[in-house]
Number of protein chains: 2
Amino acid sequence: EIAEWLSTAFLPKIFKGKRILVTAGPTLESIDPVRALTNFSSGKMGYSIARVAQAMGAEVTLVSGPTSLTTPLVSHFESVTSAEEMYQAVMYAIAQQDIFIGVAAVADYRPAEYSAKKIKKSGQPLTLELIPNRDIIAEVAAMPNAPFCVGFAAESDDLLKHAEEKRQRKKLPLVVANIASDTMGKDDASIVLLDDEGTHTFSYAPKAELAATLLQHIANIMNI
Amino acid sequence: EIAEWLSTAFLPKIFKGKRILVTAGPTLESIDPVRALTNFSSGKMGYSIARVAQAMGAEVTLVSGPTSLTTPLVSHFESVTSAEEMYQAVMYAIAQQDIFIGVAAVADYRPAEYSAKKIKKSGQPLTLELIPNRDIIAEVAAMPNAPFCVGFAAESDDLLKHAEEKRQRKKLPLVVANIASDTMGKDDASIVLLDDEGTHTFSYAPKAELAATLLQHIANIMNI
């Protein structure tokens with residue numbers, strides 16, 4: 001961590017005066033008092049981006065789902081559990097932001113009903129009804145005076161097709177695409193940036209390094 | 001951790017020559033490459049029991065689902081993800097054991113089908129079909145020459161009724177009951193032991209302390 005601090009301490013302070021909101025980690029959607037739906041996000045990429053953005057001079061707000069990571073030194077840190085809590089935390093802070101980077105693997109679905117009593121095992125198959133969660137980044141991007149929005153797409157197949165589709169559908173200027181199984185939980189990742197100019201590929205590197213690359217790319221597009 | 005080591009270093013070595021298999025943590029049941037079903041177990045209770053049992057002279061095998069805990073110093077440590085992997089790891093080691101303590105919150109259900117491709121969001125409700133996993137502790141308890149079996153029951157309601165029902169149905173000499181929301185993820189817990197003699201309540205205490213109490217209780221029943 002000291003090595004990482006040293007490597008980020010001398011980054012150019014190009015985001016001085018800018019506010020950046022980053023979401024990170026998985027969300028946890030409770031089924032009953034003991035069970036939940038979740039995903040394989042570790043939060044490492046989002047935490048790296050938050051830490052590096054702060055080191056580059058931004059006032060960073062990090063909204064994080066449950067992770068086992070050390071809380072980074074950012075201006076504001078908010079811990080949440082479910083996608084709905086993450087939505088509320090983002091909406092509370094969004095009007096003040098210049099940039100929104102949605103790194104969190106927000107659960108697309110939650111159980112249609114929460115059972116306050118532990119569901120007893122029956123030995124028989126069980127059907128779990130799921131309903132869609134709100135799409136945080138799509139709602140942010142559709143706001144009047146929306147901040148510059150960066151989305152993430154973790155896919156298992158047809159990476160660029162799915163990522164560009166997401167970029168168009170949610171009207172995002174920039175999407176970061178990666179193959180889920182190569183990235184989630186890992187310290188290194190390889191990413192593809194998709195923007196109006198096309199695609200930019202960055203092969204395997206530590207997430208802190210990719211974070212700096214991504215933030216520099218955002219600054220370039222925004223002419224900061 | 002040094003304090004905990006000091007407090008366990010002088011425990012009586014009553015389990016010398018005994019082998020104890022402990023399961024701990026949640027299991028993770030994959031839905032697709034990014035999503036999974038899980039539960040709120042942190043693994044703390046199971047890790048405490050494994051550590052204290054080893055300190056009391058036993059040769060401990062710990063089979064653990066995914067946790068963020070430091071691997072304890074036990075004789076054998078096996079890391080698993082799904083309930084089926086936990087089943088295989090337990091069955092591999094079980095013939096050599098004198099005592100089996102099933103602390104893990106093993107998922108009762110897994111998705112009927114695993115989708116190798118990430119399931120795309122549709123904006124519509126979704127139905128997830130679940131099928132029952134094998135009941136590890138019930139199968140162990142039903143084996144000829146079964147080790148002494150200790151089950152755990154984390155319930156949200158009707159604690160003693162559900163725990164005693166579990167004890168009878170799975171034919172376990174001892175069940176440790178606790179209220180899920182008071183225990184899961186916490187450092188302290190309050191437990192009720194149910195055996196042929198009735199119930200024994202131990203109110204709020206650190207999990208390492210409850211582990212020593214539980215192991216002493218097991219030794220008493222087994223006349224060790």
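Student: Which strands does helix 2 of chain B lie across?
Tutor: Helix 2 of chain B lies across strand 1, strand 4, strand 5, strand 6 and strand 9 of chain B, and runs at about 165° to strand 4 of chain B. Contact means heavy atoms within 4.5 Å. Axes are lines fitted to C-alpha atoms, for helices over the stretch in contact, with angles from 0 to 180 degrees between N-to-C directions. Helices (H or I, at least four residues) and strands (E, at least two) are DSSP runs, numbered from the N terminus.

Student: Where does all this come from?
Tutor: This is a predicted model: local features need pLDDT of at least 70, side-chain atom pairs count only at pLDDT 80 or more, and totals for chains, interfaces and linings use all residues. Residues are numbered from 1 along each chain as its sequence is written, chains are lettered from A and ligands numbered from 1 in the order in which they are written, and side-chain values use heavy atoms, with hydrogens and water left out.

Student: What order do the strands take in the chain B sheet?
Tutor: The 8 strands form an open sheet in the order 5-4-1-6-9-10-11-12, with mixed pairing. Two strands pair if DSSP finds at least two bridges between them.

Student: Which strands stand at the edges?
Tutor: Strand 5 (76-79) and strand 12 (198-206) of chain B; each has a single partner strand, so one side of each lacks a neighbour in the sheet.

Student: How do strands 11 and 12 of chain B run, parallel or antiparallel?
Tutor: Antiparallel, joined by 7 bridges. Leu193(B) stands opposite His200(B) in strand 12 of chain B.

Student: Now the core. Which residues touch the most other members?
Tutor: In the largest nonpolar core, of 36 residues, they are Ile20(B), Val22(B), Ile49(B), Ile101(B), Leu215(B) and Ile218(B). A nonpolar core is a set of buried Ala, Val, Leu, Ile, Met, Phe, Trp, Tyr and Cys residues joined through side-chain atoms within 4.5 Å. Buried means under 20% relative accessible area, exposed over 50%, partly exposed in between (1.4 Å probe, protein chains only).

Student: What does Ile218(B) touch?
Tutor: Leaving out residues up to four places away in sequence, Ile218(B) touches Ile99(B), Ile101(B), Phe148(B), Val150(B) and Leu174(B).

Student: Why two sides?
Tutor: In a regular strand the side chains alternate between the two faces of the sheet.
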